[in-house]
Amino acid sequence: MVFDRKKEIEKILPNKPIWQWSATDVALGIRHKAISSTEATKSVLDRIEKINPKFNAIINIMTQKALKQAKQADDLISQGIILSPLHGVPVTIKDNVDVKGERNTNGGVFKDRICEDDSTIATNFNTAGCVTIGMTNLPEFAIRWFSENPLFGRTLNPWNDNLTPGGSSGGAAAAVTSGMCFIGHGNDIGGSIRYPAYACGVVGLRPTWGRIPQFDPSSPGGRTFASEFFSIEGPLARTVNDIRLSLEVLSKGSLYDQVWVPAPLTYNDSKNKKIALVTEINGMQIQSSVKENLIKTAKWLQEDGYIVEEIQLPEFDIAAEVWGKILIAEKTTMIGHYVDDYGSEDVKKAWQGMIYGSPGAKDMREYMLAIAKRDQLRRIYNEILDVYPVIILPVSGKEPFTHGDDLKGNDYFKEVIMPAQIPLLALVCLNYPSMSVPTGLKNGNIPQGVQLFASDYRADLCMQVAEDIERHAKMPFRFEV
């Protein structure tokens, strides 16, 4: 009897339209010629044509370029060449990094900027044999937790028109959950991967600094402290294993990023079943539904044999303040004049609210003391993570914001929005790998989720726990529209 690998693979692949598959299944099907990259790409492009006019997640659809890349991926497969675990898989790139020959508008701000070369993100996707089908929407200057701008308009949350899809990677999150791509690229300097993932009910990973190289040829100057250590590239996807494969692809090193670290993606240590649960955080109120969801998720993990212990996070709110003193001070200096000169009235209002709610350092001394405080806080948290390898906490203290919440004025920003985002901001300051993991839907149209973090370069530990959560949650996606 002759073993037919292709037929065996076909038996285990999903019996539904390709655009609904996971990236893992698509890659498996392409690798074993059960499907082609061209078939997968056309399936996604058909889905985009049907629903993107409503959701407005992808603002630059690169149809011909994508079909050409898909054919190249198929030609390599026919020669027995597989470039990566995501060979031939369609992906999207956020419209604030460079893709050769395409616009990098940074949320519609630089509408005439055409990229002369690829960013490290585009390069790593290309060398992995992925297919870039388009660029996703974001707010101007990527500085809101909402995704809209005057040039491209508003991205809708596929689950609920009244809710934000998150920002600034809201287009990526909306595209992933609704089946317009398998992997969405995002970046995170204040929660911009994890918050959209939370708002749209998908998985989002912010790796440790230095894990994924960063460089855009259209911005060749050196980076400031926050740009180098706080701004992190990462993937959004529908499954944890899709995130795992994306991290492998995107973390390939580059000569153009001097802080890239060749850390291993996995380690040989045994799986530690002891984790910490956080349901109270100083300086913020946690909405009852958010707390109940944390407790529900912890019970799932206990059923799986985890030892879950509730703890308090020392000076976690101070870490969020340190984020503000460093990040807001730098951004005010570096891009404040661009916001004033080129920004819409909405982004100016949101930016002023953020400054009011989380003021930056008032002088160089306070700025330097904030950097020193960050160093002290990381030593404290290294000790905690030595006892609890993974910590589970809220993504945000509130359910996803409703559209326009960040335009309600400075007081609303200071009293409601910024306190709710302490879990996002503090982990940017501390810069541990952190994940947003969906856990279900409230009332059928409000995504719920939790956040996990671990020690430096141990995103693998987050993913181990996230896969156990994923198995219990059985998170649906917005496929019926």
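The second largest pocket has a volume of about 290 Å³. Its lining is made of 15 residues, and the closest to the pocket centre are D317, A320, E321, G357 and S358. The model is a predicted one.

Three helices, α11, α15 (410-420) and α16 (422-430), each give at least two residues to the lining of the second largest pocket. The largest share comes from α11, with 4 residues. By class, the lining of this pocket has 6 nonpolar, 4 polar and 5 charged residues.

**S358**

S358, one of the residues closest to the centre of the second largest pocket, sits in the loop between α13 (345-357) and α14 (364-387). Is S358 buried or exposed? Its relative accessible area is 9%, so S358 counts as buried, the cut-off being under 20%. Leaving aside residues up to four places away in sequence, S358 is in contact with A320, W323, G324, I328 and M418. A320 is also among the residues closest to the centre of the second largest pocket.

**The largest pocket**

The largest pocket has a volume of about 1,300 Å³. It is lined by 47 residues, of which N106, S219, S227, S231 and K331 are the closest to its centre. Two or more lining residues come from each of α5 (120-127), β6 (183-188), α8 (225-229), α11 (316-334) and α13. Which element gives the largest share of this lining? It is α11, with 5 residues. Helix α11 also gives the largest share of the lining of the second largest pocket. The lining of the largest pocket divides into 18 nonpolar, 18 polar and 11 charged residues.

**Cavities**

The search of the whole structure finds 2 cavities of 30 Å³ or more. The table gives their volumes and the classes of their lining residues.

| Cavity | Volume | Lining by class |
|---|---|---|
| Largest cavity | about 50 Å³ | 6 nonpolar, 2 polar and 1 charged residues |
| Second largest cavity | about 40 Å³ | 3 nonpolar, 4 polar and 1 charged residues |

The largest cavity is lined by K271, N272, I275, Y306, P389, V390, L461, Q464 and V465. Helix α17 (residues 459-473) gives the most to this lining, with 3 residues.

Around the second largest cavity, the lining residues are Y198, S289, V290, N293, E399, P447, Q448 and G449. Here α10 (288-303) and β13 (446-454) are the elements that give two or more residues.

**Helix α3**

Helix α3 covers residues 37-55. At 1.5 Å a residue, its 19 residues should span 27 Å, and the end C-alpha atoms are 25 Å apart, which agrees. Where does α3 bend? The bend is at E49 and is about 40°, with a proline, P53, following within four residues.

The buried residues of α3 are S37, T38, A40, T41, S43, V44, L45, R47, I48, I51, N52 and F55. An α-helix has 3.6 residues a turn, so residues three or four places apart point the same way. The buried residues of α3 pack against the helices α2 (23-31) and α4 (63-78). They also pack against the strands β1 (58-61), β2 (90-94), β3 (131-136) and β5 (153-154). After α3 comes N56, which has a positive phi, near 55°.

Note on methods
Residues numbered from 1 in each chain as written. Predicted model: local features only at pLDDT ≥ 70, side-chain atom pairs only at ≥ 80, totals over all residues. Heavy atoms only, no water. Expected span 1.5 Å × (residues − 1). Bend = angle between axes of the 7 residues up to and from the residue. Buried < 20%, exposed > 50% of the residue type's maximum accessible area, 1.4 Å probe, protein only. Contact = heavy atoms within 4.5 Å. 1 Å grid on protein atoms, 1.4 Å probe; cavity = no way out; pocket = protein on both sides within 12 Å on 5 of 7 lines; lining within 4 Å. Points joined across faces, edges and corners; volume = space filled by probe spheres on them. Nonpolar A, V, L, I, M, F, W, Y, C, P; charged D, E, K, R; others polar.
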